[in-house]
Amino acid sequence: MIRVENLSYGFPAKDLYSDISFTIETGQHCALIGSNGTGKSTLVDMLIHPDKYLYDGKIIRDEDCRIGYASQFSIRDKSQDCTVFEFLSRRFTDIRKEIDGVCEEMASAEEAEALFERYQELLDINEAMDGDNYESNILKQLNVAQMGDLKETGLSQISGGEYKLLQIMREMLLSPNLLVLDEPDVFLDFANLNSLCRLINEYKGTLLVVTHNRYLLNHCFNKILHLENGEIQEFEGNYNEYRCAGFREKLKLRMQHVEEQEEIARTERMVEILRKRASDMVNPEIGKSVNAKQSQLDRLLARQIKAPFIEVREPEIVLPDVEAGEAPRTLLKITDYQVDFDKELLRNVSFELNAGEKVAIVGANGTGKTTLIRDILKNDNPSIHIDENIRYACLSQLQGESVDEDKTVYQVMQDHGFGSKESIKEYLAKYCLEAEVADQKVGQLSGGEQNLLQLAMIAESGAELLILDEPTSHLDIYGQTALENAIADYKGTVLMVSHDFYLAANCADYVLLVEDNTVRRMRTRNFRRMVYEKYFDSKYLETDKRKQELERLITAAFRKDDLIAVEKLCDELEAIDRF
């Protein structure tokens, strides 16, 4: 369906791809993964709009290839006066109206050849979309997503997560040859994430999905495309198999590296011995032997394996270094808070946040969590009181809300008290933000890079209270893990809104659950149990938790060069998938 051959592309300050090649075959569900800032969204746009770019290599698509696309950013026009069903059916009804209009024109036209061609083109489009059965297809899709009861609901009345699913459903219903989804899981609550998983697995067409969501990666794909360091890795199989294969390959390379180093050391000793002999006596044969051994050594050094998909970039996220308070102290107090727009969202919300606590606010899309966070940050609501002596910092889920997108990264960092450009570049490198990022405008960064930039600034803020709104959104898997570890090590206080189960379950002392228009406190253990019973399969979550632990142990063993332990742990990891 799509074939990419020796594609190279970049900007003046940065090369994105170097001679990459891959294929997407009909019917495959492909996941495109990679570190933040590697150019995944740009690659997707090049596949859809190749004429917009000047690149080397080839992008070859079937002549009649229709590509559908759903963006990671779902902007809703709330003035749209239509129901959910009307929203999904609009493209089909528009095609039918156009067909009827062309028929009317043909009835009275003297020259109908062009009209007939248009008529046939519209019929072909309608047939490709299965337009004659669009009503039943829409109902089926809504039921797959467990949204059948929203059929007659006004578009302005549904949550942001539900609207995002509707956008994906609409593209699926149009039956493109290839459907591209760019981070479709971002900001989805647990219920909507499950619905997305079902929609993807029920979809019979070809998919290319940019995602960092481990749940989707484990359940929805039969091919992995991994973009890293300007190169791409094709893997036929699911994500679990890819991770296991990656560890095995890394183990093989490390063992080969050990053997190479031993051979290099032996060769270096031989070269040294021969050079000494050559200096002690004049013998052309010894001189030739020295040159031959030196050439052998040069070849060994040159062919040492470089593996861009083995040693991936992992940010060094470090949160402010603050002292843990000794006496109990209330930093934030909410009393009888309420908020409403077209309808009442929250009422009778009361809770306290004490120094040293790490708390996750969790709830369905559209229940007022982000509104609550914004009101806390404004600190002008009589129901909200923040300790006036506390230093706090925030991370916003809305790009551009807390950082000026029109300024360069360098300017933003200077505004926050950072030093010279070189010191800024050195500091940002720890967060996997490359040197050229300093000269880019913040708005040009990927969503994940913007989150990393916010985290980099928070790290030097000295804040004793962190207010984080969807902090793992857009972060790659390595960044998500690094942030979990950073929050676990942080001595201060954290209040975070998150739909990331792992972040809430692994980092929160307790959960504030938003449901029935209010907030109730829940122990983390009870939260896990509720999530298991209500949304996910407990066996899967426990199994995946064990996999993550094994992966951490494997990484630690690699750092110690304990290759025997790595091999045993890899055996355990692979055994999990066999049972």
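Predicted model: local features only at pLDDT ≥ 70, side-chain atom pairs only at ≥ 80, totals over all residues.
1. With which residue does Lys 151 form a salt bridge? The partner is Glu 152, and the closest N and O atoms of the two residues are 4.0 Å apart. Lys 151 is partly exposed, its relative accessible area being 28%. Glu 152, by contrast, is exposed, with a relative accessible area of 54%.

2. The mean pLDDT of the protein is 86, and 91% of the residues reach 70 or more. Among the elements, strand β7 (residues 206-210) has the highest mean pLDDT, at 96. The lowest mean value, 65, belongs to helix α9 (residues 284-302).

3. On overall architecture, the protein has 18 helices and 18 strands. Taken along the principal axes, its C-alpha atoms fill a box of roughly 100 × 80 × 50 Å. The chain contains 579 residues, of which buried residues make up 50%.

4. Side chains of opposite charge can pair when their charged atoms come close. In this protein the count comes to 22 salt bridges. One of them joins the side chains of Arg 118 and Glu 98, with an N to O distance of 2.6 Å. Arg 118 lies in helix α3 and Glu 98 in helix α2 (residues 84-108), so this pair ties together parts that are 20 residues apart in sequence. Both ends can also be described by their accessibility. Arg 118 counts as partly exposed at 27% relative accessibility, and Glu 98 is partly exposed with a relative accessible area of 32%.

5. A further salt bridge is formed between Arg 520 and Glu 515, whose closest N and O atoms are 2.7 Å apart. Arg 520 counts as partly exposed, at 38% relative accessibility. Glu 515 is likewise partly exposed, with a relative accessible area of 27%.

6. A patch of negative charge is found on the surface, where Glu 110, Glu 111, Glu 113 and Glu 117 gather. Glu 117 is placed in helix α3, which covers residues 113-128. Why does Glu 117 count as exposed? The relative accessible area of Glu 117 is 52%, and a residue is called exposed because its value is over 50%.

7. Asp 19 has a phi near 55°, which is a positive value in a residue other than glycine. Asp 19 belongs to strand β2 (residues 14-24). Glu 470 sits in the loop between β15 (465-469) and α14 (477-489).

8. Is Glu 470 buried or exposed? At 5% relative accessibility, Glu 470 counts as buried. The cut-off for a buried residue is under 20% relative accessible area.

9. Gln 454 is located in helix α13 (residues 447-459). The residue is buried, with a relative accessible area of 5%. In sequence, Gln 454 and Ser 396 are 58 residues apart along the chain, while their C-alpha atoms are separated by 8.4 Å.

10. Asp 500 is found in the loop between β16 (493-497) and α15 (501-507). At 13% relative accessibility, Asp 500 counts as buried. Asp 500 and Gly 57 are 443 residues apart in sequence, and the distance between them in space is 39 Å, C-alpha to C-alpha.

Methods: Residues numbered from 1 in each chain as written. Heavy atoms only, no water. pLDDT = per-residue confidence, 0-100. Helix = DSSP H or I, 4+ residues; strand = E, 2+ residues; numbered from the N terminus. Patch = residues over 30% accessible without salt bridge, like charges linked within 9 Å, V, L, I, M, F, W, Y side chains within 5 Å. Areas by Shrake-Rupley, 256 points an atom, 1.4 Å probe, with all protein chains shown as cover. Lys, Arg positive; Asp, Glu negative; His and termini not counted. Charge placed at Lys NZ, Arg CZ, Asp CG, Glu CD. Buried < 20%, exposed > 50% of the residue type's maximum accessible area, 1.4 Å probe, protein only.
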